[in-house]
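I opened this notebook to record what I looked up, and in which order.

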Amino acid sequence: MIILLYDHTWPGMLSAIFEAFDRKLTNCMIRRARAHMPSAFDQDIEVTTNTMKAARVITGLKKKLSADGFHQFYACFLSELHGIEDTLFAYTRLIFSSKDRVEQAFANAAVLRVSQVAKSVHREKHRMEAFVRFRLASDSLFFAEVEPDFNVLPLILNHFEKRYADQRWLIYDMKRNYGIYYDLEKVTEVTLQRTVGVKETAGIFHEEEPLYESLWNDYFKHVNIRERKNTKLHLQHVPRRYWKHLTEKNKL
Amino acid sequence: MSERIREKLAILADAAKYDISCSSSGSTRKNDNKGLGDTGNGICHTYTEDGRCVSLLKILLTNFCIYDCAYCVTRKSNDIRRAAFTVQEVVDLTINFYRRNYIEGLFLSSGIFKNADYTMERLVSVAKKLRTEHKFNGYIHLKSIPGASDELMHEAGLYADRLSVNIELPTEAGLKLLAPDKDRKDMISPMTYLNNEILAKAEEKKVLRHAPLFAPAGQSTQMIIGATGESDKEIMYTAHRFYKAFNLKRVYYSGYVPVSQDRRLPGMGSAVPALRENRLYQTDWLMRFYGFHVEELLNDQDPHLDLEIDPKLSWAIRNLHHFPVDINTADLRLVLRVPGIGMQSAQKIVAARKFQKLNWENLRSIGVAINRAKYFIICKRSEYVHRDLTGTRIRQYILAESQSKFLKSSYTQLNLF
């Protein structure tokens, strides 16, 4: 089996797909170089990321997919699921070999998988839009730590830029060690040198921050109707893995 | 200072939680003045331990009230702690919660102090301050106070995204019994005024693109279920009437939570009718999205919803002559009527069958609940094995195969006594 290795970036994966088409490979796998374990039975090929080639794949896909369909394709890539590249490759082959739009041919395994994974990624995006909890720092920066299941910061950027247009904010993905920062003008990607954990640094929060956190916790407690307690439903909507960064849940 | 505000928030959030509307969607307000906030499809920022979503800061301006409605915690005769926020306090809370991404906006209601206009004026001034002084573009839901003047309702519509009047109880007789000081007419008059205004403003918007927004997320209402003896038919017919007459976006059904020793009401400690509430919402959805007419679901022969099975299944069993539906050819309208097929599956089916005929396996992976749907459809391999089953048999088979999520909770409730 031939394995195409790429550098984990979006243009990188598209370059790998381009390469596979170029070499007329039908039976191959596409993997991130970083996470790859070489095996004696496979032939590894390192693909150099080429933005021109990537752009050509994008143009082709956009011609054959609706705007939504293309967005789903990108969302699947962001899922970072093991082997999702193979699904996307199979999907791409189907797309380019059919005259008609295939994105709704849900009886095809690749099409259904893409729509399902895109849905999970979208759910995670939506969760992050809900679960980000900003804390006001003394330099008037609103700061939030997150650890999403999928790499959804690129997908939530627009939402936060529109919503919090008049405050500086930073949302930091602790798992993937990068964040998005808004400086009242535009959003940029940033990486922090973390020698000291934020929580250990005393005095970095605004003096009003503890008050509003306790007001929020009070509110959360009092808006609950005890006679209607439903733990199963509660956990279904707010799974435990998100509690760590939720102001109202991490004090418990 | 901060202790006092925490105490007020505790009291006034406690009092507001029986208003169950949590919707923050449906508005078109955009952040185009580089201010704070934006509205869209609505986001549930967290969920309380009862599993209800928290989307808005839902509080009362005050829980002082001149009325004595039996079903209400803040009724005049109830011996509870009372408090009142100032306009500025509500504004500060909203802005600071919003900036931290805790909430989508504000849902402000109030007990009635002095009179309707005086109360409504305060609610409006909170909204006005948020919009004009803080450039706040988040979601605002204001309660319309029954009996408030048209001028105030107009101003409310300019600043709020949604307005609502609670009709409280499904029937006028129920209202007479439990809230003798209240009159259905006072509730209907602001609804009528707002409906006319909203329709007129929508017309204006067609001509003038920049006409100011007026309650862009429309109106909703709420009624209490299980406090008086109404049938499901009476409840849903009332809902249907209100949807039609006032173009309501939502009717909410609130299972009565015992808050009073009053002999006119179910006693303290009786269970909240959560399952019934669920069935009513299912019926509401069938009416609004699945093309069912309320008379198909509830009528003189069947004035109550079946608690054991959902209302669509129960309709299908009573109307077996509509089935089987051929998944590969039937109209979307008919596919939507099959038990076990929801809105999304139905749309996927209609899209996917253009490419190839669908079989059981395809349906399963699309997300259809085969255990219910299989009695009502034929697909590619036409294995409609259950052709001669009677409705009663189908019902038994489905119940035997599935377990209600409510079963466990009703069991523990029985254990309490």
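**Entry 1, conventions.** I am working with a predicted model, in which local features need pLDDT of at least 70 and side-chain atom pairs count only at pLDDT 80 or more, while totals for chains, interfaces and linings use all residues. Residues are numbered from 1 along each chain as its sequence is written, chains are lettered from A and ligands numbered from 1 in the order in which they are written, and side-chain values use heavy atoms, with hydrogens and water left out.

**Entry 2, the sheet of chain B.** I looked up the strand order and found an open sheet of six parallel strands, β3-β4-β5-β6-β7-β8, where strands are DSSP runs of E of at least two residues and helices are runs of H or I of at least four, numbered from the N terminus, and two strands pair if DSSP finds at least two bridges between them. Because β3 (56-60) and β8 of chain B are at the edges with a single partner strand each, one side of each has no neighbour in the sheet. I noted an average twist of 20° from one strand to the next, with axes being lines fitted to C-alpha atoms and angles running from 0 to 180 degrees between N-to-C directions. Strands β5 (139-143) and β6 (162-164) of chain B pair over three bridges, and H141(B) has R162(B) as its bridge partner in β6(B).

I then asked how many residues of β8 (250-255) of chain B are buried, buried meaning under 20% relative accessible area with a 1.4 Å probe, protein chains only. Six of the six are, so the strand is largely enclosed by the rest of the structure. R250(B), Y252(B) and S254(B) cover one face, and V251(B), Y253(B) and G255(B) the other. Six bridges join β8(B) to the parallel strand β7 (219-225) of chain B, and R250(B) is the bridge partner of S220(B).

The largest cavity is lined by residues including L297(B), D302(B) and R318(B), and helix α10 (311-318) of chain B gives the largest share, three residues.

Definitions and conventions
Buried means under 20% relative accessible area, exposed over 50%, partly exposed in between (1.4 Å probe, protein chains only). On a 1 Å grid over the protein atoms alone, a cavity is a set of points where a 1.4 Å probe fits but cannot get out, and a pocket is an open set with protein on both sides within 12 Å along at least five of seven lines; lining residues have an atom within 4 Å of a point.
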